[in-house]
Amino acid sequence: MSLPTTTWGIGEYELMAERLRPAAEVAADSVGVGSGTRLLDVACGTGNLALAAAERGAVATGLDLEERLLQIARSRGGGQTTWRRSELLELDAESAAFDVVGSIFGAMYAADHEAAAAELARVCAPDGRVVSAAWTPDSFMPAFGRVASRFLPPPPSGAQPPSRWGEETALSEIFASAALRIESTGDETIELRFTDRGAATDFLIRTAGNVLAERRGLEQGGRWEELRRAVAELVCERDSSEGEQVLLTLSYLLAIATK
Ligand SMILES: C[S@@+](CC[C@H](N)C(=O)[O-])C[C@H]1O[C@@H](n2cnc3c(N)ncnc32)[C@H](O)[C@@H]1O
């Protein structure tokens with residue numbers, strides 16, 4: 001079966017994933033992943049959640065569309081963890097096969113949010129749980145997305161904002177369409193620290209595959225430097241450090257749902 005590719009494999013997303021690792025740890029602990037838990041990490045990228053689960057004794061599986069990121073996941077260990085290419089709207093996984101189905105900043109990027117939730121619910125065991133982490137609408141990452149979007153091709157018609165998954169009311173509706181009920185939520189943050197604003201700007205761009213995919217066209221159109229300046233301005237607006245370093249706080253909603 002031929003699977004599509006995304007832009008997440010372009011650039012160095014793995015450097016961002018390293019910084020996002022605490023979200024996977026919090027998610028694994030919040031659903032009590034332990035010895036023998038059957039866990040599926042949906043849109044696993046470099047495998048943060050599956051690997052956190054494996055460290056806690058789970059039997060983990062990670063699915064993602066990007067083979068380059070899956071290769072990094074494989075190289076990180078994880079014992080018996082299984083890694084496969086799979087589209088999240090059509091998960092290559094059996095129905096009701098997992099005690100925990102998690103997606104950390106993954107399902108929120110689905111082309112169809114309700115269809116994604118239906119797939120999370122399908123593969124979740126009747127007494128299992130779904131755990132999701134998603135950027136809150138007013139937080140840094142959606143703001144970065146809005147700045148970048150001024151330089152990128154328009155999203156496909158009908159595309160829904162990913163941060164719907166980061167707002168409790170909207171997420172309840174998405175999950176309800178898949179007969180999932182939110183059991184608990186938490187407002188969480190990850191702090192990104194950089195030596196200076198230039199380093200923060202460079203990091204954001206080199207880890208953003210969707211931006212890098214357009215680099216040549218933007219350079220030819222004389223807009224690459226303009227984009228860099230726009231990202232630098234955002235870093236400047238959002239930097240909340242009081243000392244010499246740069247501090248960007250990424251806020252997200254952690255939600256746990258049952259069937
Ligand atoms: C922000 S990254 C999150 C990766 C990982 N969960 C983490 O915490 O670092 C989004 C991931 O979703 C994957 N992805 C995007 N659309 C997808 C789709 N339709 N099916 C499967 N994976 C997808 C990308 O390849 C990427 O690895």
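A polar side-chain atom of Tyr13 lies 2.7 Å from an oxygen atom of the ligand, a polar contact in the sense of a pair of N or O atoms within 3.5 Å. The model is predicted: local features need pLDDT of at least 70, side-chain atom pairs count only at pLDDT 80 or more, and totals for chains, interfaces and linings use all residues. Residues are numbered from 1 along each chain as its sequence is written, and side-chain values use heavy atoms, without hydrogens and water.

Asp64 also places a polar side-chain atom 2.7 Å from a ligand oxygen atom. At Ile104, a polar backbone atom is 2.8 Å from a nitrogen atom of the ligand. Taken alone, the ligand exposes 590 Å², and the protein buries 95% of that (Shrake-Rupley method, 1.4 Å probe). The ligand is surrounded by 18 residues, the closest being Tyr13, Ala43, Asp64, Leu88 and Ile104 (a heavy atom within 4 Å).

Strand β1 spans residues 38-42 (strands are DSSP E runs of at least two residues, helices H or I runs of at least four, numbered from the N terminus). Of its 5 residues, 4 are buried, so β1 is largely enclosed by the rest of the structure (buried: under 20% relative accessible area, 1.4 Å probe, protein chains only). The chain crosses from β1 through helix α2 (residues 48-55) to β2, a right-handed β-α-β crossover (clockwise from first strand over helix to second, with the strands pointing away from the viewer).

β1 and β2 (residues 59-64) run parallel, joined by 5 bridges (pairing requires at least two DSSP bridges). Asp41 has Gly62 as its bridge partner in β2. β1 also pairs in the parallel sense with β4 (residues 98-104), over 3 bridges. There, Val100 is the bridge partner of Leu39.

Note on methods:
Buried < 20%, exposed > 50% of the residue type's maximum accessible area, 1.4 Å probe, protein only. Polar contact = N/O pair within 3.5 Å; in protein donor to acceptor, adjacent residues only side chain to side chain.
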